Amino acid sequence: GIESEKGVVVTEVEPGSSADDAGLRPLDVITGINQYQIEGLEDYRPAIKDLSGDCLVRTERGYVVLKGK
């Protein structure tokens with residue numbers, strides 16, 4: 001189950017997307033993207049706004065690499 005109170009919960013993963021290819025699953029909790037710590041949507045939105053290329057995503061299950069398109 002979801003144990004953390006910080007982070008952003010993945011609600012949907014589009015089949016064939018970078019998130020799907022990286023192994024992200026619904027109910028994963030994202031707690032970091034590259035150098036950004038993600039405690040909620042207020043952190044998540046600016047962290048993803050200017051992403052380009054590959055990025056390292058920290059979840060409660062571990063790290064995954066999202067490949068840039």
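Close-up 1. Leucine 27 has a relative accessibility of 58% and counts as exposed. The cut-off for exposed is over 50%, so leucine 27 passes it. This view, like the others, comes from a predicted model. Leucine 27 is found in the loop between α1 and β2. Its backbone deserves a look too. The phi angle of leucine 27 is near 80 degrees. That value is positive, and leucine 27 is a residue other than glycine.

**Close-up 2. Aspartate 28, a buried loop residue.** Aspartate 28 is also placed in the loop between α1 and β2. Is aspartate 28 buried or exposed? Its relative accessibility is 6%. Buried means under 20%, so aspartate 28 counts as buried. Which residues does aspartate 28 contact, leaving aside neighbours within four places in sequence? They are Val8, Val9, Val10, Gly23 and Arg61.

**Close-up 3. Threonine 31, a buried residue in a strand.** Threonine 31 sits in strand β2. Its relative accessible area is 16%. This falls under the 20% cut-off, so threonine 31 is buried. Now look at what surrounds the residue. Residues up to four places away in sequence are not counted here.

**Close-up 4. Asparagine 34, a partly exposed loop residue.** Asparagine 34 lies in the loop between β2 and β3, and β3 spans 36–37. How exposed is asparagine 34? At 32% relative accessibility, it counts as partly exposed. The value lies between the 20% and 50% cut-offs, which means neither buried nor exposed applies. Asparagine 34 has a positive phi of about 50 degrees. It has this positive phi although it is not a glycine.

**Close-up 5. The largest pocket and its lining.** The largest pocket holds about 400 Å³ of space. How many residues line the largest pocket? There are 22. Ala19, Leu24, Tyr44, Ile48 and Leu66 lie nearest the centre of the pocket. Several elements each give two or more residues to the lining. The helices are α1 (18–22) and α2 (41–49). The strands are β1 (8–9), β2 (29–33) and β4 (55–59). What classes of residue make up the lining? Of the lining residues, 14 are nonpolar, 5 are polar and 3 are charged.

Notes
Residues numbered from 1 in each chain as written. Predicted model: local features only at pLDDT ≥ 70, side-chain atom pairs only at ≥ 80, totals over all residues. Heavy atoms only, no water. 1 Å grid on protein atoms, 1.4 Å probe; cavity = no way out; pocket = protein on both sides within 12 Å on 5 of 7 lines; lining within 4 Å. Points joined across faces, edges and corners; volume = space filled by probe spheres on them. Helix = DSSP H or I, 4+ residues; strand = E, 2+ residues; numbered from the N terminus. Nonpolar A, V, L, I, M, F, W, Y, C, P; charged D, E, K, R; others polar. Buried < 20%, exposed > 50% of the residue type's maximum accessible area, 1.4 Å probe, protein only. Contact = heavy atoms within 4.5 Å.
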